[in-house]
Amino acid sequence: MSETAEKSKVIKGRTGDWEIVLGLEVHAQVASNAKLFSGAAVGFGAGPNEQVALVDAAMPGMLPVINKHCVEQAVRTGLGLKAKINHWSRFDRKNYFYPDLPPGYQISQYKDPVVGEGEVLVERDDGTAFTVRIERLHLEQDAGKSLHDQDPNATYVDLNRAGTALMEIVSMPDMRSSDEAAAYVKKLRTILVYLGTCDGDMEKGNLRADVNVSVCRPGDYEKYRETGSFSHLGTRCEIKNVNSYRFIQQAIEYEARRQIEILEEGGSISQETRLFDPGKGETRSMRSKEEAHDYRYFPDPDLLPLELDPAWVKEIEANLPELPDAKKARLQSQYGLSAYDAGVLVSEQARADFYEAAAKGRDAKLTANWVTNDLAAKLTAAGLDITESPFGPAVIAELVQLIEEGVISSKIAKDVFDRMWAGEGGPAEIVEKQGLRQVSDTGALEKIIDDLIAANPGQAAAVKEKPQAIGWFVGQVMKATQGKANPGAVNQLLKSKLGLE
Amino acid sequence: MSELTSLTLKAALDGLAAKSFSAAELTQAHVEAVEAARALNAYVVETPEKALEMARASDDRRARGEAGPLEGAPLGIKDLFCTEGVSSTAASKILGGFKPTYESTVTANLWRDGAVMLGKLNMDEFAMGSSNETSAYGPVVNPWRKQGSNADLTPGGSSGGSAAAVAAELCLGATATDTGGSIRQPAAFTGTVGIKPTYGRCSRWGVVAFASSLDQAGPIARTVEDAAILLKSMAGHDPKDSTSLPVEIPDFPAFVGKSVKGLKVGVPKEYRVDGMPAEIEALWSKGVEWLKEAGCEIVEVSLPHTKYALPAYYIIAPAEASSNLARYDGMRYGLRVDGANLTDTYEKTRAEGFGTEVKRRILIGTYVLSAGYYDAYYLKALKVRRRIADDFDQAFQKIDALLTPTAPSAAFALGDKSDDPVAMYLNDIFTVTTNLAGLPGMSLPAGVDASGLPLGLQLIGRPLDEGSLFSLGGAIEKAAEFRGRPQKWW
């Protein structure tokens, strides 16, 4: 851990320094066309209660049947998190009453999850990295949706979401700042999207987090890591269902300060479940430990234990895509990219794919710059995804080629790119149409330079004393050629004619 | 045409095949018998029009040469089975008015094979009870009476309606379910044959759940052969039930009448319980003699954990039930009693919708699954369950089947035990073990007690070996020559 990261997690209190300790339970909706235990469709945009099978509505005598695809997605995710796959796992019932939970229980995995311990390597903004240990991943059903705003005197229930498969990914308390928590969720999301096991759409709630926040004094966390005993850590509060990076960070900042305030006034933290109110930017109590449900977990007798064939797991493993960490390392070694550029490229699989397609046979670094800077900036401004880019990788490659071959300068390339974005055509086409081909014709350039030196003898003499002043001549040549002069050729000619060589 | 209702299922199927009578005639006779027997309260829903329509369709199929194995046979269906468009309430007020849009797999199998539905049969509420007295529709009355007495007796439970309807000739056979003895004890109390097959033989899809790991459907019929014919149609793998076994269905009727020579039959000493009437003890010995005469070898065996079975059962079954019955919350179907707020609505609906025994079991089940009690009760009960299954596994190393009494008494009077749940639970003492171990168990009539009431013997088999039970049952049936039918008083 770097020095700067060490410092950032400290919060100064009136009674001394405090540190934050964070553990996350991320709920990721499994990318699947059907629900976890029914054949009902999963999808956004259907009318209320249009995607409900008899078992989702808990009609009498209806039974759950496991969806193998959802299990495969969980196993794939487990493998992507370098986690232990449990070849024997089991579904339990979590019992509680609520109208959006028709059977009165949620089918989940309590004691025996399908995926055990794993880990995620997370990069901080400053380029350093840390590891978050994954405690487990289990499959469970989502509940339906209660609509409280349709009628002043009644609550409506939409069961379309009821029974949809979720993966709950539980981390150890290994994040020490709100930035680290957000970075972890980002990285986890990237991995899930790479694996194709969750679409990662946080706006639709397809990825959301329960954040466990506690505070402790400097040194306590290290004691916990040495001994494994949670007694060294503070009492935690769980903030439920936070569904954006920004809210995760805001919730943590608020909650940590709330806890510190209580502790500094001699109070104690009571373990409870809290809700984050994005409007007010604060958390508030949802239910205390005393009010916590007794879920009466027990193995679901309608389902057999989930037994996985090791050969099937191996097959899934063999077909895993290249994951972000491996891809980043490869981009660095294969293309000579910086860790930063490689990191930006792999943060989205489509962007990395775009890059690799564009960089084929081209200057790798130059291509990376165009993909991560100019193109990315335009896309972001337009609110577009890389997959929605108006030009494909071949077009970027064409532009880079024009620069590489000296047909246009990098500066002119930016103009060409703006015109491309404006829909004026392809790079070569624009260069030709606009006459942007740079002037490398030494004869023409010599004439301009000779005239310049003749007209400005004082400046020419000064350059001999102060070679940096050559820039003035370069600028003048560019002006005279409307920027089309090849800067390399101009420099070369100026140097020889001014006697700098 | 009353003689048509007296036929065995086999004889009726033969008569239909020989065109001695039509399915419509056979069904009409049964519809009339059902109407005339309302005093028994066996049917909670009569569907005469549907029955006659199905019968006519059956006659058409037969005319086209498309007769199925149960073509034209009028049957009664326990109200626990969901039947499309026909009230299916598990004899509970909380499911009042519920008409499913779907058909249970077991009943769908019966209709596929040509059977005709006469109506829905009474039962203990949610199959919780041993006397049919917990039904929201009131108890079924056993067609049997003690000699010289007019006192109403229980037909047993929970499949009391099924057993009474079969005994009183109100159907040729009936579906039933058995979670702790609910097929076998009523069969014993009514002089009928009932078999609970191996767990997973019959699909649970569309059967209102009581205790999922124990519930199993099976038939009640008047002969061993009839039971075999019915089970063959009811059984079969169903991908919609994860616990349904992906195995072939043997030709069960072919096992009836097969020689039992050389089969080893165990007699478990732990089933000799205190206070068991001498008549039952004597009948058991008779059963042993009959099987010996048929060529079986009788072996005394020990099932040492038997005494823990009943307590374990009365933890596991309520635990599962407490969760299975959570869906009856007034939100989507059945009874709803509006309250001041959500919790109040839940409480009022469930307070009014469930009967006392169901509430008792929900409370027990909720308690044994609660934090702090789970290990001491539920987990311990699961361990006992494992031991009981191990006992059977070991016994079946040496023997092919077990012979025991079905119930510790003959039918008792309605009201006799309704105030004493523990006395009521003791009815299941010989039957719960097979549910806990998932084994097939059959009850068949083997004699009568001093007051003329039928008594049953139970055969327990290896997993998936219903075949041996049909063979042994056939041998006992033949030797016992039980021909008794209740005197018609209704």
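Predicted model: local features only at pLDDT ≥ 70, side-chain atom pairs only at ≥ 80, totals over all residues.

Modeller: In chain B, strand β4 (residues 173-178) is mostly covered, with 6 of its 6 residues buried.

Biologist: Which residues point the other way from Gly173(B), Thr175(B) and Thr177(B) on β4(B)?

Modeller: The residues of β4(B) point two ways, and Gly173(B), Thr175(B) and Thr177(B) share one of them. Both groups are buried. Pointing the other way are Ala174(B), Ala176(B) and Asp178(B).

Biologist: Does β4(B) run parallel or antiparallel to strand β2 of chain B, and which residue stands opposite Gly173(B)?

Modeller: Strand β2 (residues 74-78) of chain B is joined to β4(B) by 2 bridges, and the two run parallel. Opposite Gly173(B) stands Leu75(B).

Biologist: How many bridges join β4(B) to strand β6 of chain B?

Modeller: Strand β6 of chain B covers residues 216-221 and runs antiparallel to β4(B). In this pairing, Ala176(B) stands opposite Gly218(B). The number of bridges joining β4(B) and β6(B) is 6.

Biologist: Turning to the contact between chains, how many residues of chain A are in contact with chain B, and which helix of chain B gives the most to its side?

Modeller: Chain B brings 33 residues into contact with 24 residues of chain A. By class, the side of chain B that touches chain A has 17 nonpolar, 9 polar and 7 charged residues. The helix that gives the most to this side, with 3 residues, is α10 (residues 309-324) of chain B.

Biologist: In chain A, which strands are the edges of the open sheet of 3 strands?

Modeller: The order in this sheet of chain A is β5-β4-β15, with antiparallel pairing. Strand β4 (residues 92-95) of chain A pairs with β15(A) over 2 bridges, and Arg93(A) has Phe298(A) as its bridge partner there. Pairing on one side only marks the edge strands, β5 (105-108) and β15 (298-299) of chain A.

Biologist: How far apart are the C-alpha centres of domain 1 and domain 3 of chain A?

Modeller: The domain assignment of chain A gives domain 1 (3-291), domain 2 (322-434) and domain 3 (442-497). Between the C-alpha centres of domains 1 and 3 of chain A, the distance is 64 Å.

Biologist: Where in chain A is the pLDDT below 50?

Modeller: Chain A averages a pLDDT of 92, and 98% of the residues score at least 70. The stretch below 50 has 9 contacts in the model beyond near neighbours in sequence. That stretch is residues 1-7 of chain A.

Conventions:
Residues numbered from 1 in each chain as written. Chains lettered and ligands numbered in written order. Pairing = 2+ DSSP bridges. Helix = DSSP H or I, 4+ residues; strand = E, 2+ residues; numbered from the N terminus. Domains from an automatic or database assignment. Buried ≥ 20, exposed ≤ 12 C-beta atoms within 10 Å, placed from the backbone. Contact = placed C-beta atoms within 7 Å. Nonpolar A, V, L, I, M, F, W, Y, C, P; charged D, E, K, R; others polar. pLDDT = per-residue confidence, 0-100.
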